[in-house]
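I opened the model and kept notes on what I looked up. The entries follow in the order I made them.

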Amino acid sequence: MTHSKQADWLRRRNALWQRLRALPPTPGTPEFEATAAELAALTGWNRARILAGLGLPDSDRPGAP
């Protein structure tokens, strides 16, 4: 990955994290889910890992609070 492409990727990733953190912490809302899905597609992370990065439980996981 060239420096320019890597910088663009990092800017996009950081912007998505920033958007998720600015939204109300309510997984399941259309905007939250769309942003999380976009971040997952960009990073290759699964939903549980993204929610953990936000300090939120993964309600889809059995036994989650």
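Is T35 buried or exposed? I looked this up before anything else. The model is predicted, and I read every value below with that in mind. T35 has a relative accessible area of 0%. The cut-off for buried is under 20%, so T35 counts as buried.

**Entry: around T35.** I placed T35 in helix 2, which covers residues 30–43. Next I looked for polar partners. The side chain of T35 makes a polar contact with the side chain of R19, at 3.4 Å. A polar atom of the T35 side chain also lies 2.9 Å from the backbone oxygen of E31. Then I listed the contacts of T35, leaving aside neighbours within four places in sequence. The list holds L16, R19, L20 and L23.

**Entry: aromatic rings.** How many aromatic pairs are there? I found one. W17 and W45 form an edge-to-face pair. I noted 5.9 Å centre to centre and 70° between the planes. Edge-to-face needs planes over 60 degrees apart, and the pair has 70°.

W17 has 9% relative accessibility, so W17 counts as buried. W45 has a relative accessible area of 28% and is partly exposed.

**Entry: the whole chain.** I stepped back to the fold. The protein chain has three helices and zero strands. Along the sequence the pattern reads α-α-α. The C-alpha atoms fill a box of roughly 45 × 20 × 15 Å along the principal axes.

What share of the residues is buried? Of 65 residues, 18% count as buried. T35 and W17 are among the buried ones. I also looked at contacts between residues at least 6 apart in sequence. Of these, 37% join residues at least 24 apart.

Entry: The chain exposes about 4,400 Å². Carbon and sulfur atoms supply 57% of that area.

Conventions. Residues numbered from 1 in each chain as written. Predicted model: local features only at pLDDT ≥ 70, side-chain atom pairs only at ≥ 80, totals over all residues. Heavy atoms only, no water. Helix = DSSP H or I, 4+ residues; strand = E, 2+ residues; numbered from the N terminus. Buried < 20%, exposed > 50% of the residue type's maximum accessible area, 1.4 Å probe, protein only. Contact = heavy atoms within 4.5 Å. Areas by Shrake-Rupley, 256 points an atom, 1.4 Å probe, with all protein chains shown as cover. Polar contact = N/O pair within 3.5 Å; in protein donor to acceptor, adjacent residues only side chain to side chain. Phe/Tyr/Trp six-rings, centres within 6.5 Å; stacked < 30°, edge-to-face > 60°.
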